[in-house]
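Q: Hey, I'm new to this one. Can you walk me through it?

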Amino acid sequence: MPPKKAVQEKKVYLGRPSNNLKIGIVGLPNVGKSSFFNVLSETDLGKAANFPYATIDPEEARIPVPDPRFEWLCDVYKPASRVPAFLTCIDIAGLTAGASTGAGLGNAFLSHVRAVDGIFQVVRAFDDAEVIHIEGDVDPLRDMEIIQTELRLKDIEWVEKHLEGLKKTGRSLGSSSLADKARKEEIATVEKILKTLTVDKKDVRKGEWNNKEIDVVNSLQLLTAKPVTYLVNLSERDYIRKKNKWLPKIKGWIDANNTGDPLIPFSVALEERLAVMSPEEKAEEEKKIGASSALGKITHHGYASLDLIRYFTCGPGEVRAWTIRKGTKAPQAAGVIHSDFENKFVCGEIMSYEDLKEYGSESAVKAAGKLRQQGKPYEMVDGDIAYWKSDNIYPMAGFLMLSLLLDGVSPRDGLTQYLIDQHDFTLPSLLETTTRMYTHFALS
């Protein structure tokens, strides 16, 4: 009898198992966080000012994620509607030394950090006598130590309190029941988390965790478990010449303390100047100075740091990028459009973006045998182009359409637009069908 194939355990990721993840902009006061948020979001929501705590309540914006694949698909399908992938960014007020004990508005600000899934840490590496520094002078290494220390101290406080509660209820645990065994494993994991923070002096995201341990880590919503991208805010001059005395030291600090975390130099001053230009003027200016905006790169890194990928649905009505987490199976990916696609999932017709680009059309992809039918076990790949098949979805879509029309709402929600695009519906025909259905059920 042949040996059974080993079942590969599915990787569990740190963080919330959600497709709607958010990234927070964190740093000391007056390092350029709100100004960065404003140029990134193309708004003036961020309260940029030359004094601490100008921002108190967090501001939120959805940032389109640049993607040449999406642009190419739009050129091919020429859709009436284009919906790219988005990254949700939160502008969080400045943290200061002592925030973990409530100094300044520390407790409120740290709760805002806890509510996001990843961190853009803005580090000031520019000198400007007119922009005060809360610590008196510019020292990025000290500033990074302050942020790391405050986040760790808050995590230590949180974990110690949780561990104390677990041990109180765990004194009477036996060794026979599965529930008691699971509780003992949880206590051991929380003790390991505390050791990582206090003895090893590591952020939680840098620890070694198996899937069961990650489930415990995720339940605690720890600040240092969140992925961090370091954004070093330079003067425009230093950014253009790609030279700053602090950059090698910052890189060395990251390598010593949080190996592998990305570092992206940028200049808020340059981004603010480019933001008011037309696309043509911006391209000309970037060519003239020999430097480009870093906002697209930053957005990409933030999206990737949250383990997010995207797949596409394409049609003449709409080309849309749907955000999902790495490791998402086909039914759950379809459920991002509407829960009925997941609940009544049959299969997906999948082709890769690379195959469509190589062969030039859907019919050519199909003729080459590259259009695949995938079932429930299929794990989505970044750049997949999907057409979903589900049972009994049409009556539900009809009622949805009618309710939208009766409410005076434009019928462009994800499910209805998808059905129109992918199943040869037209608005008049769907409305006619829906009206007949509504009349039938109203009279019966």
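Here is a short chat about the chain, its cores and a few listed positions.

Q: What kind of model is this?
A: It's a predicted model, where local features need pLDDT of at least 70 and side-chain atom pairs count only at pLDDT 80 or more, while totals for chains, interfaces and linings use all residues. Residues are numbered from 1 along each chain as its sequence is written, and side-chain values use heavy atoms, with hydrogens and water left out.

Q: How many helices and strands does the chain have?
A: There are 18 helices and 12 strands. Those are DSSP runs, numbered from the N terminus: helices are H or I with at least four residues, strands are E with at least two.

Q: What share of the chain is buried?
A: Of its 444 residues, 48% count as buried. Buried means under 20% relative accessible area, exposed is over 50%, and partly exposed is in between, using a 1.4 Å probe and protein chains only.

Q: Why is helix α1 called largely enclosed?
A: Because nine of the nine residues of α1 (residues 33-41) are buried. Among them are Lys-33, Phe-36 and Leu-40.

Q: And what happens just after α1?
A: Glu-42 takes a positive phi of about 55 degrees there.

Q: Switching topic: which residues have the most contacts inside the largest nonpolar core?
A: Phe-36, Leu-73 and Phe-120, in a core of 74 residues. A nonpolar core here is a set of buried Ala, Val, Leu, Ile, Met, Phe, Trp, Tyr and Cys residues joined through side-chain atoms within 4.5 Å.

Q: Where does this core lie relative to the domains?
A: Domain 1 (22-303) and domain 2 (328-390) both give residues to this core, so it lies between them. The domain bounds come from an automatic or database domain assignment.

Q: What is Leu-73 in contact with?
A: Leaving aside neighbours within four places in sequence, Leu-73 contacts residues including Phe-312, Tyr-353 and Ile-385. Contact means heavy atoms within 4.5 Å.

Q: Which positions does UniProt list for "binding site"?
A: The unreviewed entry lists Asn-30, Val-31, Gly-32, Lys-33, Ser-34, Ser-35 and Leu-234. UniProt positions are given in the numbering used here, feature names are shortened, and annotations may be inferred rather than shown by experiment.

Q: Where is Leu-234, and is it buried or exposed?
A: Leu-234 lies in the loop between β6 (228-233) and α7 (236-241). At 3% relative accessibility, Leu-234 counts as buried.

Q: How about Ser-34, buried or exposed?
A: Ser-34 is found in helix α1, and at 8% relative accessibility Ser-34 counts as buried.
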